[in-house]
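Welcome! Please take a look at the sequence and the model below, and then we can go through a few of the contacts together.

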Amino acid sequence: MSVLDNKVVSGVVEVGRGLATVAKHLFRPPVTLEYPEVMPDLSDRFHGRLSLLTKSGGEDLCIGCQACARVCPCGDLIQIEMHRDEQKVPVIDRFTIDLGRCIFCGNCTEVCPVDCIKMQDDFELAEYSREALVLDKYALSLSGEESDEYRVRHGLEKHVE
Amino acid sequence: MATTATNIPQQGVFLEKDIDTNDMVVNIGPQHPSTHGVLRLITTLDGEIVKNIEPVIGYLHRSKEKMAESRSLYQYQPTIDRVEYLSSFFDHYAFVSTVEAIAELEVPKRVQYIRMITMELNRITSHLLWFGTFLLDLGASSPMFYAFREREKILKLFEDLTGARMMYNYYRFGGVIADMPEGWLDKVRKVVDEFPDRLDEYEAIVTKNPIFLDRTIGIGIMSAEMALANGVTGPSLRASGIKLDLRKTNPYCSYDEVDFDVPVGNTGDCYDRYRVRFQEMRESLKIIRQAIDKIPGGDTAELNKRRAAGDETANEMDLQIYGKKINLITYKPPKGEGSTIVESPRGFLGCYIITDGSPKAYRIKWRGASFSNLSVLAPLMKGLLFPDLMAIFGSIDVILPEVDR
């Protein structure tokens with residue numbers, strides 16, 4: 001009988017201790033974020049939407065070297081078509097990224113020799129169709145000012161033409 | 001008190017002769033909230049008593065080993081995060097250090113400490129998630145919110161460091177992708193300092209709760225022989241009283257330079273497995289604290305200041321984040337083979353790589369701890385009551401992506 005008494009007493013005490021701990025939360029500030037109203041504070045290194053930086057004047061920075069396409073773990077997710085004009089300057093005809101298949105690993109941003117393809121802290125990427133997730137060069141490119149701002153924020157070299 | 005088959009009175013007298021008293025086969029899963037993924041358990045029941053249990057795996061198979069044969073090593077690396085997504089730093093460490101062993105790449109001391117800090121933080125997040133889901137399996141829902149509150153803080157640290165919360169892709173052959181952000185170590189220290197209080201809070205809610213004690217003490221006793229015979233490793237093995245921890249027995253990274261204990265249990269029941277994991281979190285905190293104090297170069301801000309002032313000693317090998325800068329696009333490790341086993345939160349995690357001189361690996365083999373740990377479920381469950389199944393399955397901490405790979 002005394003064993004049972006002990007068990008009951010200790011049970012009541014321990015459950016009370018647990019409840020007291022839980023009740024402490026009545027006086028603590030909430031830790032959750034009300035997401036659409038309050039946006040999370042993201043780090044500079046956040047793996048978000050891919051984008052192409054441009055030169056300060058808005059011209060293409062990409063040189064079409066295919067490095068990003070070669071290191072992508074998802075196969076043909078990044079597709080680049082380019083040619084060279086008379087002065088042997090690369091011209092990008094087509095640059096598409098299928099964000100629907102992207103796993104946001106960041107390999108492409110690491111190997112880019114001119115720091116052109118970079119990740120933004122934009123994570124709200126939902127679309128109504130899969131086709132809308134295939135972004136072309138114009139959808140991916142940032143303007144010259146945005147690119148300069150990005151480069152300043154991340155301490156990259158400026159590409160002024 | 002343990003309730004096993006032998007404690008239950010014979011009930012045959014109450015049954016009519018024409019009632020079918022044959023065994024009943026119950027399918028649990030594949031889609032079941034308590035199977036932590038997609039696992040099917042074909043359970044043969046005699047009333048409430050489990051006579052046989054047969055796990056069916058393969059629902060999460062993503063051919064991670066075959067994928068390596070069509071991708072260069074660097075291309076393959078982001079997909080390793082998905083081998084075991086609750087503790088990806090361990091997968092990356094096993095993979096990267098195997099390639100480093102094959103190519104004989106030198107790893108600077110600072111990198112080793114960064115890896116050690118991230119791995120131990122990752123062990124804590126993994127154990128916290130286990131803690132939350134284990135109690136959820138037992139019917140307690142509030143501990144999960146407590147565990148996720150603290151896990152969130154550590155995931156935020158990972159996000160600051162690597163840019164991702166779970167799929168880190170941070171280690172590189174012979175180094176890490178980038179140095180820690182300035183002030184990151186102080187943030188880690190802050191989280192680590194307030195963590196013991198949080199652990200005490202969890203223990204106040206759970207550890208001596210009478211319902212929790214009734215459902216775990218004496219349930220699912222795994223003897224040391226049974227654990228060894230089934231290849232169980234990690235905290236589940238240590239709960240059975242065997243002090244086997246690769247961080248102590250075969251120190252890798254810089255684990256030989258820090259001081260920590262290996263917690264072991266006595267009986268090997270669910271309660272011991274719970275206690276061992278809790279103590280492991282405290283040991284991990286101890287390791288992180290020592291690593292923050294000992295890391296060569298200290299915080300990045302300090303190091304950058306020294307470099308800006310022209311201090312030559314700030315540029316020596318041990319303070320770099322790359323041993324030797326390699327071209328990741330065309331990187332070809334030499335022909336050879338090697339393997340690494342690390343102590344992941346679930347046990348031994350092994351990676352075996354054969355390279356043939358091309359950018360791709362000829363063969364990669366993963367040895368996941370969960371696969372072996374799952375195999376002990378059938379002998380462990382034999383003759384126990386059906387309601388104990390989820391307590392036992394939760395306590396051995398199996399994660400299905402690692403079983404199937």
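## Where H11(B) meets H15(B)

In H11(B), the residues Cys270(B), Arg273(B) and Tyr274(B) meet Ala391(B), Ile392(B) and Ser395(B) of H15(B); contact here puts C-beta atoms, placed from the backbone, within 7 Å. By class, this contact has four nonpolar, one polar and one charged residues (Ala, Val, Leu, Ile, Met, Phe, Trp, Tyr, Cys and Pro count as nonpolar, Asp, Glu, Lys and Arg as charged, and the others, Gly among them, as polar).

This is a predicted model: local features need pLDDT of at least 70, side-chain atom pairs count only at pLDDT 80 or more, and totals for chains, interfaces and linings use all residues. Residues are numbered from 1 along each chain as its sequence is written, while chains are lettered from A and ligands numbered from 1 in the order in which they are written.

Helix H11 (residues 270-294) and helix H15 (residues 388-395) of chain B pack at about 30°, their axes 9 Å apart (axes are lines fitted to C-alpha atoms, for helices over the stretch in contact, and angles run from 0 to 180 degrees between N-to-C directions; helices are DSSP runs of H or I, at least four residues, numbered from the N terminus). The two are therefore roughly parallel, a term for angles under 35 degrees.

## Where chain A touches chain B

The contact takes 23 residues from chain A and 24 residues from chain B. On the side of chain A, H1(A) gives the largest share, eight residues.

Methods: Contact = placed C-beta atoms within 7 Å. Parallel < 35°, antiparallel > 145°, perpendicular 65-115°, else oblique.
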